[in-house]
Amino acid sequence: AALWRKQVIATDIDPVAVETARQNARANGLSPWIRTGQAAGLRSPLLAEAAPFDLILANILAKPLKRMAPEIAGALAPGGIAILSGLLTRQAPGVEAVYAGWGFRRVHSLTLGEWTTLTLKRF
């Protein structure tokens, strides 16, 4: 939101995290650009009405990310980017394989210690 001055939707399953994000957006003068809401995955009217997205960032563990592959594929525009983090490095290849089955290809990965972030493009 700060970089591109584009509308951002930030959701979390935890209501405390949602309220914290809302307060941080306000404190940083970004309230006009950031809409917050509580959601489990992508099942939320707030997200459904705004899809498809050009960029989806998900910081969740490997198992939920694998389960969410069809949802993320459906919510991401063709050519869109998904950045998946919260992955133990040993789990990243399995997550990448699941997403490959949904039309994604890796464009970048970053490993820091035991954690890996995958940047995938939907084709």
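Below are exercises on a predicted model, each with a worked solution.

Residues count from 1 along each chain as its sequence is written. Local features need pLDDT of at least 70, side-chain atom pairs count only at pLDDT 80 or more, and totals for chains, interfaces and linings use all residues.

**Exercise 1. Describe the fold.**

Step 1: count the elements. The protein has five helices and six strands. Helices (H or I, at least four residues) and strands (E, at least two) are DSSP runs, numbered from the N terminus.

Step 2: read the order. From the N terminus on, it is β-α-β-α-β-α-α-β-α-β-β.

Step 3: judge the overall size. The radius of gyration is 15 Å, close to the 14 Å that the globule rule gives for 123 residues, so the protein is as compact as a globular protein of that length. That radius is taken over C-alpha atoms, and the rule is 2.2 Å times the number of residues to the power 0.38.

**Exercise 2. Characterise the largest pocket.**

Step 1: take its volume. About 1100 Å³ of space lies in the largest pocket. A pocket is an open set of points on a 1 Å grid over the protein atoms alone, where a 1.4 Å probe fits, with protein on both sides within 12 Å along at least five of seven lines; lining residues have an atom within 4 Å of a point. Grid points are joined across faces, edges and corners, and the volume is the space filled by probe spheres set on the points.

Step 2: find the lining. It holds 33 residues, and I9, A10, L55, I56 and L57 lie nearest the centre.

Step 3: assign elements. β3 gives the most, with seven residues.

Step 4: sort by class. The lining has 22 nonpolar, five polar and six charged residues. Ala, Val, Leu, Ile, Met, Phe, Trp, Tyr, Cys and Pro count as nonpolar, Asp, Glu, Lys and Arg as charged, and the others, Gly among them, as polar.

**Exercise 3. Find the aromatic pair and describe its geometry.**

Step 1: search the whole structure. One aromatic pair turns up.

Step 2: Y99 and F104 pair edge-to-face, 5.3 Å centre to centre and 75° between the planes. Rings of Phe, Tyr and Trp (its six-membered ring) pair if their centres lie within 6.5 Å; planes under 30 degrees apart are stacked, over 60 edge-to-face, the rest tilted.

**Exercise 4. Locate two backbone features.**

Step 1: check omega. The peptide bond from A51 to P52 is cis, with omega near 5°. P52 is in the loop between α2 and β3.

Step 2: check phi. R5 is not a glycine, yet has a positive phi of about 50°. R5 lies in the segment before β1.

Key: Heavy atoms only, no water.
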